[in-house]
Amino acid sequence: MTVEIDLISDTSTRPGAEMLAAMCAAETGDEQRYEDPTTLALEIRAAELLGQEKALFLPSGTMCNQISFLVHCRPGDEIICADSAHVFGSEGAGAAALAGAQFRPISSSMGIFTADDARPLIREPRHRSPRSRVIEVEQTTNRGGGRVWPVAALQDLATLAHERDMALHMDGARLFNASVSAGLPARAFASLCDSVWVDLSKGLGCPFGAVLAGSEDFIAEALIWKHRLGGAMRQSGFMAAAGLFAFDHNIERLADDHRNAEHFATVLRDVSGLKVTPESGFTNIVFLDLSELDVTAPTFAAALLESGVRVNVEGPKRIRVVTHLDVSTAQVARAADLARETLLRLIR
């Protein structure tokens, strides 16, 4: 079946002609020898945007998370995060396998918790207990429907973490979505963290990569783990050029994706028995909860795919829809109408 409108994820984006031209024109060198000027420029730019001292270009966001845990943690340490966090459920237990650290999750349906929620989970120093070492947050919250962590909540968590000799780490896969939605620079969120990264291959439309940022000492340690994990990329400037292009051209336009997601939700919201989240504060993620309807998520997704629209099955009764730069406003409107028609037909 041909996919005409792909709403399965913002990772579906492909570089446009202008981004490809910038990539082809990039000046490159051996990045392992610090000789790739485009990669160096991307790292400097990212550090400035995030309010951090230094940054490191890496192949993926998952690698950014895992390297951060390897730097912050020692075997037997503990990481506090939301139970819906990507690091907890979608990274192959990497923290345990690589850093020897375990998670202590906080129950949070929306992926956001407070310092008061985290405080009871921080263990008192004891030779028989894991050492509480990291508080991890995800901006925006994927399974929470693209919700934005408020700056005040992050400030409270940073204060708590530092009082207890812990680090605050941000999985910033969609940090720029949060920035645009809140009308704040990315550094307003990111500068509060001891380590933070941004994804280039989601809403920013690049084919590859993420940038990890933190203090000079943190990045020095991260560089060691990058090499240990096989992260040498040689002439990475071709890919870094895509990131620089995205920083210049693809951040502010994320607002279009947010409006499109809100329109999609609005069209589906009048289907009786269907729960649509979030209710407000849209970024680019919408969830459809079919729990009260006599149809499963796989059946609905398969029927919708016959009309050329692809969405993501998140569970037996849950669908995720993600808007991005490769789907226009007109396409999202058509997808919403088709989704509504398909759902009504299936539940009649």
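I start with Asp-199, which is buried, because its relative accessibility is 6%; buried means under 20% relative accessible area, exposed over 50%, and partly exposed in between, with a 1.4 Å probe and protein chains only. Before I go on: this is a predicted model, where local features need pLDDT of at least 70 and side-chain atom pairs count only at pLDDT 80 or more, while totals for chains, interfaces and linings use all residues. Residues are numbered from 1 along each chain as its sequence is written, and side-chain values use heavy atoms, with hydrogens and water left out.

Asp-199 belongs to strand 7, residues 195-199. Helices (H or I, at least four residues) and strands (E, at least two) are DSSP runs, numbered from the N terminus. What does the side chain of Asp-199 join in a polar contact? The partner is the side chain of Lys-202, at 2.6 Å. A polar atom of the Asp-199 side chain also lies 2.8 Å from the backbone nitrogen of Ser-201. A polar contact here is a pair of N or O atoms within 3.5 Å; within protein, one must be able to donate a hydrogen and the other to accept it, and residues adjacent in sequence count only if both atoms are side-chain atoms. Leaving out residues up to four places away in sequence, Asp-199 touches Gly-172, Ala-173, Leu-204, Gly-209 and Ala-210, where contact means heavy atoms within 4.5 Å.

Next, the cysteines. How many disulfides does the structure hold? The count is 0, a disulfide being a pair of cysteine sulfur atoms within 2.5 Å. For Cys-24, the closest cysteine sulfur is that of Cys-206, at 14 Å, too far for a bond. For Cys-206, the closest is in Cys-64, at 13 Å, again too far for a bond. Cys-24 is exposed at 66% relative accessible area, whereas Cys-206 is buried at 1%.

Four strands form an open, antiparallel sheet in the order 9-10-13-12; two strands pair if DSSP finds at least two bridges between them. Strand 9 (275-277) and strand 12 (312-315) are at the edges with a single partner strand each, so one side of each has no neighbour in the sheet. Strand 10, residues 285-289, is joined to strand 13, residues 318-322, by 5 bridges. In that pairing, Asp-289 stands opposite Arg-318 of strand 13.
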